[in-house]
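Please look over the sequence and the structure shown here before reading on.

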Amino acid sequence: MNQLVTAFTESLVAFAVTNIDDILILLLLFSQVDINFRRRHIWLGQFLGFTIIILASLPGFFGGLFIQRELIGLLGILPIIIGIKQLVKPDNENTQIQAVTTEFKESYPANPVLSFILSILHPHTYKVAAVTVANGGDNISIYIPLFAGQNLIRLGVILGVFFVMVAVWCAIADLLSRQTAIAYILSLHGKNFVPFILIGLGLFIMYERGTFTWLLNLKL
């Protein structure tokens, strides 16, 4: 039970810290919603893009089946490095998202059933997915060490939390899309805490995998 609670906590922290900036991006996307660009394009695109990111991160889990757990903990250095890098040189990656979202202008079938079916394969959905993948590419560096060393049940908990949180993120952005100024301030200042949380997450991964004890024993 403790392991499941740990997996649940790790997944919540990892998702929140790697997707804080997504709130602003989702707000920009929802602000473009009209008769052509629908909310379902954003939801479907977000889930599709996030699934691609997860699939790209799964080698960490499969590698953990064959590699010593303490060695896997060394991957915790990745989020530590990313956190330090963000402290030294903060990123500003939202400028190109606005340019992407302004391209959504097309006619759309009036029939609701047909429009929903077509939305699954609609270019708008894939454009949103592309934005999600482009913005979340760095997440892979965090998710690989998070997945590594987990068993199948804990991985299931982590993935379950992740996909639930994708839905929560979309719902929050949809609600806040009518109060963009407030959401912008929250997301802007929230990013200031990201480097410290990333460093803490990396240290926790190394601790939970027993890497620190293993390194100390090597010296002895």
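The paragraphs below describe the chain as a whole and then turn to one pair of packed helices.

## The model and its helices

The structure is a predicted model, and its chain holds 14 helices and zero strands.

## Burial, surface and contacts

The chain has 220 residues, of which 42% count as buried. Its accessible surface comes to about 11400 Å², and carbon and sulfur atoms account for 72% of that area.

When contacts between residues at least 6 apart in sequence are considered, 88% of them join residues that lie at least 24 apart.

## How α2 packs against α11

Helix α2, which covers residues 20-30, packs with helix α11, which covers residues 152-176, at an angle of about 50°, and the axes of the two helices are 9 Å apart. The crossing in which α2 passes α11 is right-handed.

On the side of α2, the contact is made by Ile20, Asp22, Ile23, Leu26, Leu27 and Phe30, while α11 contributes Trp169, Cys170, Ile172, Ala173, Asp174 and Leu176. Sorted by class, the contact of α2 with α11 has 10 nonpolar residues and two charged ones, with no polar residues.

How values were computed. Residues are numbered from 1 along each chain as its sequence is written. This is a predicted model: local features need pLDDT of at least 70, side-chain atom pairs count only at pLDDT 80 or more; totals for chains, interfaces and linings use all residues. Side-chain values use heavy atoms; hydrogens and water are left out. Helices (H or I, at least four residues) and strands (E, at least two) are DSSP runs, numbered from the N terminus. Buried means under 20% relative accessible area, exposed over 50%, partly exposed in between (1.4 Å probe, protein chains only). Contact means heavy atoms within 4.5 Å. Accessible areas come from the Shrake-Rupley method with a 1.4 Å probe; for residues, only the protein chains shown count as cover. Axes are lines fitted to C-alpha atoms, for helices over the stretch in contact, and angles run from 0 to 180 degrees between N-to-C directions. A crossing is left-handed if the near helix is turned anticlockwise from the far one by less than a right angle, and right-handed if clockwise. Ala, Val, Leu, Ile, Met, Phe, Trp, Tyr, Cys and Pro count as nonpolar, Asp, Glu, Lys and Arg as charged, and the others, Gly among them, as polar.
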